[in-house]
Amino acid sequence: IGNGLSRKNLDLEKITRYYKNSKAKKSSFVIGCNYIYKDFSPDLIIAQDTKVLLQMVKDDLNIPVVAPLLKYNWARNSGQRNLRKFFCLRFPSYNMTRWNSGDIAIYVAALLGFKKIETIGFDGGASSIYRQDDGVSNVKSVLTNKRIQLIKNSFDNVNINRYEDNLKKPSL
């Protein structure tokens with residue numbers, strides 16, 4: 001789950017934890033990005049923004065957080081208190097160090113062996129639920145779509161779809 005504006009007003013608990021039109025729980029594993037923990041508790045968070053990681057420490061986050069090697073090393077050696085459940089992700093390609101948290105979340109889902117991956121709030125663009133366009137964000141939907149295709153090409157039988165109310169057909 002990303003933090004794009006399309007996620008606004010969605011009941012993430014209902015979408016990810018219960019079957020549609022039912023009170024029956026479904027088994028799902030939810031990977032969220034960055035500040036998602038402020039509104040929802042995913043099973044795992046991907047973060048690499050320094051500001052986000054520092055805020056997670058201040059908030060004493062108890063959800064597992066995965067960060068790319070460089071950010072992980074920085075956070076571990078910054079002399080501050082660390083996140084309780086903090087894990088390092090090493091990429092097979094140096095080029096992947098430029099990927100954003102959302103792209104990495106999809107990659108991690110594929111690495112974990114999930115075959116059906118649904119994305120929510122992966123809009124691309126500089127604005128998100130938690131911040132206005134700050135002129136710094138490098139999130140671009142064109143790049144994310146290319147990276148999703150790379151992931152599909154790299155993992156057998158992985159189906160990646162954008163969440164839609166009916167999920168009748170893939171959007172990517």
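View 1. A pocket here is an open set of points on a 1 Å grid over the protein atoms alone, where a 1.4 Å probe fits, with protein on both sides within 12 Å along at least five of seven lines. The lining of the second largest pocket counts 30 residues, and I15, T16, K26, S28 and E118 lie nearest its centre; a lining residue has an atom within 4 Å of a point. Two or more lining residues come from each of α1 (12-17), α4 and β5. With four residues, β5 gives the most to this lining.

**View 2. The whole fold, for orientation.** The protein has five helices and six strands, which follow one another along the sequence as α-β-β-α-β-α-β-α-β-α-β. Helices (H or I, at least four residues) and strands (E, at least two) are DSSP runs, numbered from the N terminus. Of the 172 residues, 40% are buried; buried means under 20% relative accessible area, exposed over 50%, and partly exposed in between (1.4 Å probe, protein chains only).

Residues are numbered from 1 along each chain as its sequence is written. Because the model is predicted, local features need pLDDT of at least 70 and side-chain atom pairs count only at pLDDT 80 or more, while totals for chains, interfaces and linings use all residues, and side-chain values use heavy atoms, with hydrogens and water left out.

View 3. D103 and R147 meet through their side chains in a salt bridge, at 2.6 Å from N to O. D103 sits in helix α4 (residues 101-111) and R147 in helix α5 (residues 141-154), so the pair links distant parts of the chain, 44 residues apart. Both partners are buried: D103 has 1% relative accessibility, and R147 has 13%. The term salt bridge stands for a side-chain nitrogen of Lys or Arg within 4 Å of a carboxyl oxygen of Asp or Glu, and the structure holds six of them.

**View 4. A salt bridge between two loops.** R84 pairs with D60, their closest N and O atoms being 3.1 Å apart. R84 belongs to the loop between α3 (69-76) and β4 (86-89), and D60 to the loop between α2 (50-58) and β3 (65-68). R84 is partly exposed at 48% relative accessible area, and D60 is partly exposed at 35%.

View 5. N100 lies in the loop between β4 and α4 and is buried, with 14% relative accessible area. Its side chain reaches the backbone nitrogen of G102 at 3.0 Å, and that of D103 at 3.0 Å too.

**View 6. E118 and K116.** The side chains of E118 and K116 form a salt bridge at 3.4 Å, N to O. E118 is partly exposed at 32% relative accessibility, whereas K116 is exposed at 58%.

View 7. L112 is placed in the loop between α4 and β5 (116-119) and is partly exposed, at 49%.

Note on methods: Polar contact = N/O pair within 3.5 Å; in protein donor to acceptor, adjacent residues only side chain to side chain.
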